[in-house]
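Biologist: I'm new to this one. Could you walk me through how to read it, starting with the whole chain and then zooming in?

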Amino acid sequence: MRPIQDAFPLLHSPKKIFITTHHKPDGDAIGSMLGLYHYLTKKGHHVTPVSPGEIPEFLEWMPGVSVMLNYEEQATASLEALKEADLIFCLDFNDYSRTKTLEQPLAEATQPKILIDHHLFPKPYWDYGMSLPEKSSTCEMVYDFILLCGDQLLLDLDMAACLYTGLMTDTGSFKFPITTAGAHYMAAYLKSLGLDHTKIHEEVYDAWTENRMRFLGYVLIDKMEIMRKYNSALITLSRKDMNLFNIQSGDTEGLVNYPLSITGIKFATLITERSDEVKMSFRSKGSFDVSAFARNYFDGGGHFNASGGRTKSNFMDTIVYFKKILSDIHPK
Ligand code: 5GP
Ligand code: MN
């Protein structure tokens, strides 16, 4: 992969640009995609942001959401935009398979592909890009990219709102160790533009339904197992559990973090039964590498302290398998 600066000449004249991100997009995925959309549009390009699927409700307030295409609902228009594009930007993932629906169209596209991402182990097929696992978020990298282009003064409130969202969500509201001085400088600069950070925090974190809040209570009482011996906690959610509370996709977001607030718990896992697979989320505090754990046992990956994986095995078998691994490896 060539450095992103080598792609600058491609942006000297107005281009048609396709931007996409990973499936089940989070605040960093949509924030970085729309932040870049606003910037490149301001530079005179014709930009189409495409999400591989539905976006969660807590991101629907974001400036630019109305122009974004959802591949699952607008496949023809999305593929048309991909075909017409001169350039493709891929944000917050580094492997086509993470888009699920767009895997094949992206693999077949022959236009230059530019990667901006902070996950480990990028695939070798990117033409240009930045792959920096030490960065807090893809939003921080899009901000760096805009500065690298010499365009700090083009940053406006729409870009600020989008980019702040991913910075806030991927740093756990500036809590995780990955939150560098640079991340705070970025927040400070966006704030100086007039950013309403309280509104963004409320849009993202205080938009729960009553059902979701009661579901959290149910999960913590009935569905969380603490395994002191392994400094670990496990939450398991069957489809039946989710149906009980009419839980929507996205409502389980963040559940996996709760057990890490218990003294002594260093490793937390959420196992969720989905219609087509069993999905796993892993989080750790300290020195247990959940990215390697996800890669080794559950066909997944991610970051050192936050990762995910999946399996086609059934839900109950997965729980048994997971516990067996735990007893074999004793996370510390
Ligand atoms: P989450 O638990 O929120 O789904 O994912 C946590 C982190 O792990 C995210 O950074 C996400 O990109 C990554 N991740 C989740 N699932 C997978 C997966 O199946 N494969 C890979 N490579 N990364 C994943
Ligand atoms: Mn991210």
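Modeller: Happy to. Keep in mind that this is a predicted model. Start with burial: of the 332 residues of the protein chain, 51% count as buried.

Biologist: How many helices and strands does the protein chain have?

Modeller: There are 11 helices and 13 strands.

Biologist: What radius of gyration does the protein chain have, and what would a compact globule have?

Modeller: A compact globule with 332 residues would come out near 20 Å, and the protein chain has 20 Å, so the two agree. As for extent, the C-alpha trace spans about 60 × 45 × 35 Å along its principal axes.

Biologist: What about contacts across the sequence?

Modeller: Take contacts with a separation of 6 or more: 65% of them in the protein chain are between residues 24 or more positions apart.

Biologist: And the surface?

Modeller: The accessible surface of the protein chain is about 15300 Å², with 53% of that belonging to carbon and sulfur atoms.

Biologist: Now zoom in. Where does T179 lie?

Modeller: T179 sits in the loop between α5 (157–170) and α6 (181–192).

Biologist: Is T179 buried or exposed?

Modeller: The cut-off for buried is under 20% relative accessible area. T179 has 15%, so T179 is buried.

Biologist: Which backbone oxygen does the side chain of T179 reach?

Modeller: That of F176, at 2.6 Å. Setting aside neighbours within four places in sequence, T179 is also in contact with T171, F174 and H184.

Definitions and conventions:
Residues numbered from 1 in each chain as written. Chains lettered and ligands numbered in written order. Predicted model: local features only at pLDDT ≥ 70, side-chain atom pairs only at ≥ 80, totals over all residues. Heavy atoms only, no water. Helix = DSSP H or I, 4+ residues; strand = E, 2+ residues; numbered from the N terminus. Buried < 20%, exposed > 50% of the residue type's maximum accessible area, 1.4 Å probe, protein only. Polar contact = N/O pair within 3.5 Å; in protein donor to acceptor, adjacent residues only side chain to side chain. Contact = heavy atoms within 4.5 Å. Rg over C-alpha atoms; globule rule 2.2 N^0.38 Å. Areas by Shrake-Rupley, 256 points an atom, 1.4 Å probe, with all protein chains shown as cover.
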